[in-house]
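This report describes a single protein chain through its helices, its surface and its charged pairs. The sequence and the model are shown first.

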Amino acid sequence: MTTDAGEATMREDVPTAQNTDDPPGAGRSERLSALAQQHGALVTLVIAMAVASLSFDTFLTGDNLENMALSSAFLAVVALGMTFVIVTGGIDLSVGSLFALGGVLAAWGSRYGTAVALLLPLVVCGLVGLLNGLLIARSGLAPFIVTLASMLGARGVLLALTDEGSRTYLVDKGAFFAKLGQGSLLGVGVPVWITLALFVLGAAVLRRTRFGQYVYAVGGNEDAAALMGAPVARTKVAVYTVSGLCAGLAGALNAAWLLSGVTILGSGMELEAISAVVIGGTLLTGGFGFISGSLVGVALLKVIQNVINQIGSLDSAYQQVVSGAFLAVVVIAQTWLGRRRRVL
């Protein structure tokens, strides 16, 4: 009796049976490699925060932690949708433009009420994600090319709506929609609570539902997933739609926080989201990843940026240098750990 080839990728929490011919330490080494790949970002985050707290008196203050949490929330929502895409082995370059477009649409729609301010960016950005998924899954086009075209198209629509960026739509500070961005609960900003709730939901969907199993299966081996009856095309369409929805929602929350739809936002956010997901342990090749790791990856990037700001003598360019170098190290480590696990 043979085992389904896609089962291991569908259930990452089920350990693979060790071959009886393996050397005595092979099983332990494989488990250690898997743990390093899964929790390495969390360990690094704890170390980075400990070093920062010892180096800067203002790092662990309430105001600084609150600012980091709020600035992380919007990127985290985008990274949540990106996680689903990357686990399937895809990529979504349109999320930065959709984030900015969602913010402008939300600010414009806020004059007609909170429902319009939230639904308009969700519908528009969700439809863009749906179109991405259909072109990739049904037409067989490369995700890089499709989402790059969507990135440029969404940015063009954004500029058209704002007269080349010269018009800025404002959100009434007294509106209920503004409370979604500027309100707080138990001393924590509402966007942070919304982000945490979305991550709990996302983790449950990816780890505990049949759809989540399909996501892992498609990313692990698309042909094997199709042979075992997984709806490969529908799964791809769904994850790109989720990515578009998350980008639109993040943009709407950001507009509620800033009380305006700022057109220049979102540039390079797609790269930050990809970096956070990969730093969190999700493989760019697909088939392996987890939602909590992406949240840790976002937090780690924000801690690095905050430390550079705390130093004061370094400008923002160093943030990109450090983040890029850190991402390169993580990808190299992931590749080495993946090869080691295959050898063992």
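A salt bridge is taken here as a side-chain nitrogen of Lys or Arg within 4 Å of a carboxyl oxygen of Asp or Glu. The model is a predicted one, in which local features need pLDDT of at least 70 and side-chain atom pairs count only at pLDDT 80 or more, while totals for chains, interfaces and linings use all residues. Residues are numbered from 1 along each chain as its sequence is written, and side-chain values use heavy atoms, with hydrogens and water left out.

**Salt bridges**

Side chains of opposite charge can pair when their charged atoms come close. By the rule above, two salt bridges are counted.

| Lysine 236 | Glutamate 222 | 2.9 Å |

Lysine 236 forms its salt bridge with glutamate 222. Lysine 236 lies in helix H11 and glutamate 222 in helix H10 (residues 222-227), so the pair ties together parts that are 14 residues apart in sequence. Helices (H or I, at least four residues) and strands (E, at least two) are DSSP runs, numbered from the N terminus. For burial, a residue is buried under 20% relative accessible area, exposed over 50%, and partly exposed in between (1.4 Å probe, protein chains only). Lysine 236 is buried, with a relative accessible area of 15%, whereas glutamate 222 is partly exposed at 36%. Contact means heavy atoms within 4.5 Å. Leaving aside neighbours within four places in sequence, lysine 236 is in contact with Gly133, Ala137, Val218 and Glu222.

**Overall organisation**

The protein chain contains 14 helices and two strands. Of its 344 residues, 47% count as buried. Among contacts in the chain with a separation of 6 or more, 77% are between residues 24 or more positions apart. The accessible surface comes to about 16500 Å², and 64% of it belongs to carbon and sulfur atoms. Accessible areas come from the Shrake-Rupley method with a 1.4 Å probe; for residues, only the protein chains shown count as cover.

**Helix H5**

The expected span of a helix is 1.5 Å times one less than its number of residues. Just after H5, glycine 140 adopts a positive phi of about 75°.

An α-helix has 3.6 residues a turn, so residues three or four places apart point the same way. The buried residues of H5 include Thr114, Ala117, Pro121, Cys125, Gly129 and Asn132. Their cover includes helix H4 (95-109), helix H6 (143-161), helix H7 (176-182) and helix H11 (232-258).

Isoleucine 136 also belongs to H5 and is buried at 5% relative accessibility. Beyond its neighbours within four places in sequence, isoleucine 136 is in contact with Leu141, Pro143, Val146, Thr147 and Tyr240. The C-alpha atoms of isoleucine 136 and valine 237 are 7.8 Å apart, although 101 residues separate the two along the chain.

On the surface, Leu119, Val123, Leu127, Leu130 and Leu134 form a nonpolar patch with about 420 Å² of accessible area together. Patches are made of residues with over 30% relative accessible area and no salt bridge: like charges are joined within 9 Å, and nonpolar side chains (Val, Leu, Ile, Met, Phe, Trp, Tyr) within 5 Å. Leucine 130 lies in H5 and counts as partly exposed, at 31% relative accessibility.

Serine 243 is found in helix H11 and is buried, with a relative accessible area of 0%. A polar contact of 2.8 Å joins the side chains of serine 243 and aspartate 92. Such a contact is a pair of N or O atoms within 3.5 Å; within protein, one must be able to donate a hydrogen and the other to accept it, and residues adjacent in sequence count only if both atoms are side-chain atoms. Apart from neighbours within four places in sequence, serine 243 is in contact with Gly81, Met82, Val85, Asp92 and Val95.

Helix H8 (residues 190-208) has 19 residues and reaches 27 Å from its first C-alpha to its last, close to the 27 Å expected. Its buried residues are Val190, Pro191, Val192, Thr195, Phe199, Gly202 and Leu206. Among the elements that cover them are helix H3 (62-87), strand E1 (184-185), strand E2 (188-189) and helix H13 (291-311).
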